[in-house]
Amino acid sequence: MDLAVQINELVKVYNGKVRALDGVNLTVEAGKSFALLGPNGAGKTTLMRILTTQIKPTSGEAYVFGLNVVNEGSKVRELISYIPQEMSVWTDISGYENLLVYAKIFDIPHHEREKLIHEALENMGLIKVKDDLVRTYSGGMIRRLEIACAMLIKPRIMFLDEPTIGLDPAARKAVWERLNVFKNDYEVTIFFNTHYMDEADLYADEIAIISQGKIVARGTSEGLRHSLGGELITFTVEKTPINAEMLEEIQKLHFVKDISIDDTSISILVYNAEDSLPYIMDILRNEKMPVSKVSISKPTLDDVFLKHAGMRFEEKGRISDVVHTRRMIRRG
Ligand SMILES: Nc1ncnc2c1ncn2[C@@H]1O[C@H](COP(=O)(O)OP(=O)(O)O)[C@@H](O)[C@H]1O
Ligand SMILES: [Mg+2]
């Protein structure tokens, strides 16, 4: 297995007192889309700044494709792209001109520039607006331009800090669809920070949840949710009392973990609700038990967070945050 990132016991203390990272251990497989998910202040940006060689850890080690981020910083920088949370393009020039500036900063040979810039604009869906001033772009277009700039050097890993903060769901989706084109075409590993649970849920192959400088859970979205014990199917039935033999028969299904009844409802804990439902329905039908309502409650990543961090996740991006961030993006 090729590891894009490997982190051992990483600690970062700011000013001798703020313990932003408190012994982080983590690996990220190459070619995956990885989300570091956590509330504001959890340590996400700190970790990304260390991995991108901008700041040094207090103790512990971190490697990017086997290179030590402290001792081999310049080699690491050749393999990575980094898109900070703050805006990283100029608004008073066009999208095309931004790419040209980056191509020069990255020292891309003259004869390759046009082709690479065109490719990046094409992949990010920005051809039509390439000559417009970035000032006129939407937040989503700006994010896509930043990704286009970051892709010019064809990095092996791209770090994105809160890539879609302040974007509406449609713009967010567009950013991710484009990012995935790069991920698949260039086999780039994507490492992103987010405090949006649904973003991690939808777009990450693997998730690590960070809380107060510690990784508290790790896995796929589905794995994390299932680790809580399963999904609950609740049937509201129209005939009482509920037949005990029928309950026994349901209990015998190998995927049923638990069953409880309450007056007119039967609650069944299973590993996977969608897969289990037809088998249970068959039994209810055979017993001629009329069902008036079926509901499925699936654990969310918030439930996972609650279990591991002992508290609920912060409310998702407050409207005032979103408005503020948008203004920042527009202003530049
Ligand atoms: N340069 C800094 N100096 C002092 N404290 C900092 C600095 N940067 C971040 N912190 C603190 O470290 C903790 C983690 O911050 P950060 O890594 O920015 O979290 P996140 O990106 O998850 O919101 C917070 O308590 C924050 O206030
Ligand atoms: Mg941050």
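Me: How are H3 and H5 oriented to each other?
Reply: Angles under 35 degrees count as roughly parallel, over 145 as roughly antiparallel, 65 to 115 as roughly perpendicular and the rest as oblique. In this predicted model, the axes of H3 (residues 95–105) and H5 (residues 139–151) cross at roughly 30° and come within 9 Å, and H3 and H5 are therefore roughly parallel. Axes are lines fitted to C-alpha atoms, for helices over the stretch in contact, with angles from 0 to 180 degrees between N-to-C directions. Helices are DSSP runs of H or I (at least four residues), strands runs of E (at least two), numbered from the N terminus.

Me: At what angle do H5 and H6 pack?
Reply: H5 and H6 (residues 169–186) meet at about 15°, their axes 9 Å apart. That makes H5 and H6 roughly parallel too. On the H5 side, the contact includes Arg-143, Arg-144 and Ile-147; on the H6 side, Arg-178, Leu-179 and Phe-182 are among the residues involved. By class, this contact has 7 nonpolar, 2 polar and 3 charged residues.

Me: How far apart are the centres of domain 1 and domain 2?
Reply: The centres, taken over C-alpha atoms, are separated by 45 Å. Domain 1 covers 3–225 and domain 2 covers 229–298, bounds that come from an automatic or database domain assignment.

Me: What is the mean pLDDT of the chain?
Reply: The chain averages 90, and 94% of its residues reach 70 or more; pLDDT is the predictor's confidence in each residue, from 0 to 100. Over residues 316–320, pLDDT stays under 50, and the model has 5 contacts there beyond four places in sequence.

Me: And the conventions?
Reply: Residues are numbered from 1 along each chain as its sequence is written, with chains lettered from A and ligands numbered from 1 in the order in which they are written. In this predicted model, local features need pLDDT of at least 70, side-chain atom pairs count only at pLDDT 80 or more, and totals for chains, interfaces and linings use all residues.

Technical notes:
Two residues are in contact if their C-beta atoms, placed from the backbone, lie within 7 Å. Ala, Val, Leu, Ile, Met, Phe, Trp, Tyr, Cys and Pro count as nonpolar, Asp, Glu, Lys and Arg as charged, and the others, Gly among them, as polar.
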